[in-house]
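Student: I would like to go through this structure step by step. Please put it up and I will ask as we go.

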Amino acid sequence: MTRKEIKNCVDACIACATTCTDCAISCLHEKEIKHLTKCIILDWECAAICKAAAKLMSMESAYSKELCQLCATICNACADECEKHASMGMEDCKACAEACRACAKETMGIYEKLEAQDQETKGQRWLVTEDECAIVSEVTAELISLKSAYAMQISEINEKICTAAAEDLQSHAAMEMEHCNACASVANEVHEELKKQDKAEEDFTVLNEDESQKNSKEHSAALLAASVWRSPSRHATPHSNYDVRGRRSPFANTDTFYSL
């Protein structure tokens, strides 16, 4: 998976979402909109799923696959409907149909590549964040509110991603507690040692300077070692490159994130 392929797909999704919104608004301004109801609803559905797919791909989420597949399905359905009205001279529907076809092609391409990578890794599960869960939950709510024919499909994807996010958050919480306890143990040992040195200094007026410096370095090194796991550089590592078990994401070779 190349950075260019991801960027092309994100750009196609954003363009499609924008064009679908324009098409829906244009249809709403028609004098007779009863026969455009299906087109308008599909426009809203398509815009919602395209924006969600673009966000997940911008995060380089390994769970973009399922959303890209559904996005391609809805885009093609929207294109089919818009083409009916385009043949009657509705230019916005014509532009929408073209954007939907282009987006369907790009998202299906990403789906197929991620599916092939899943086959190579035998369905290995990657780290998922609560942000990904929130994105998919939002689009699920939108499609349900529109009484979409795709509500069941998006809710299944939502359940899968949010369950994975909950599991990973629990795993991280356990790891954080383990490392914090280890750090606290080291800090306690250093503190007790310093207390002993303070007591010794009460008995001896002059403490050997070299020995004091040596002890200070040992204490600092112990605390530094204990704090490495909490360092900012560790937390700055993109979540999609490695999961909590040290496994690389299928997006790991794409070191650039794309903003919406």
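Student: How are α1 and α2 oriented to each other, roughly parallel or roughly antiparallel?

Tutor: The model is predicted. In it, the axes of helix α1 (residues 3-28) and helix α2 (residues 37-58) come within 8 Å and cross at roughly 155 degrees. Angles over 145 degrees count as roughly antiparallel. The two helices α1 and α2 are therefore roughly antiparallel.

Student: Which residues make up the contact of α1 with α2, by nonpolar, polar and charged?

Tutor: α1 passes α2 in a left-handed crossing. The contact of α1 with α2 includes two polar and two charged residues. The remaining class in that contact is nonpolar, with 21 residues.

Student: How many helices does the chain have?

Tutor: Read along the sequence, the pattern is α-α-α-α-α-α-α-α. The chain has zero strands, and the number of helices is eight.

Student: What percentage of contacts in the chain between residues at least 6 apart in sequence join residues at least 24 apart?

Tutor: The chain has 260 residues, of which 40% count as buried. A contact here means heavy atoms within 4.5 Å. Among contacts between residues at least 6 apart in sequence, the share joining residues at least 24 apart is 78%.

Student: Which cysteines form a disulfide?

Tutor: A disulfide is a covalent bond between the sulfur atoms of two cysteines. The cut-off is a pair of cysteine sulfur atoms within 2.5 Å, and by this rule the count comes to one disulfide. With sulfur atoms 2.0 Å apart, the pair is C133 and C162.

Student: How many residues apart in sequence are the parts that this pair ties together?

Tutor: The link of C133 and C162 is right-handed, with 100 degrees about the S-S bond. C133 lies in helix α5 (residues 130-145) and C162 in helix α6 (residues 151-203), so the pair ties together parts whose separation in sequence is 29 residues.

Student: Is C133 buried or exposed?

Tutor: Buried means under 20% relative accessible area. The relative accessibility of C133 is 16%, so C133 counts as buried.

Student: What is the distance from the sulfur of C78 to the nearest cysteine sulfur?

Tutor: C78 counts as buried, at 0% relative accessibility. C78 is in no disulfide. Its nearest cysteine sulfur is that of C100, at 3.8 Å.

Student: Which cysteine has the sulfur closest to that of C100?

Tutor: C100 counts as buried because its relative accessibility is 0%. From its sulfur to the closest cysteine sulfur is 3.7 Å, too far for a bond. That closest sulfur belongs to C20.

Technical notes: Residues are numbered from 1 along each chain as its sequence is written. This is a predicted model: local features need pLDDT of at least 70, side-chain atom pairs count only at pLDDT 80 or more; totals for chains, interfaces and linings use all residues. Side-chain values use heavy atoms; hydrogens and water are left out. Helices (H or I, at least four residues) and strands (E, at least two) are DSSP runs, numbered from the N terminus. Buried means under 20% relative accessible area, exposed over 50%, partly exposed in between (1.4 Å probe, protein chains only). Axes are lines fitted to C-alpha atoms, for helices over the stretch in contact, and angles run from 0 to 180 degrees between N-to-C directions. Angles under 35 degrees count as roughly parallel, over 145 as roughly antiparallel, 65 to 115 as roughly perpendicular and the rest as oblique. A crossing is left-handed if the near helix is turned anticlockwise from the far one by less than a right angle, and right-handed if clockwise. Ala, Val, Leu, Ile, Met, Phe, Trp, Tyr, Cys and Pro count as nonpolar, Asp, Glu, Lys and Arg as charged, and the others, Gly among them, as polar.
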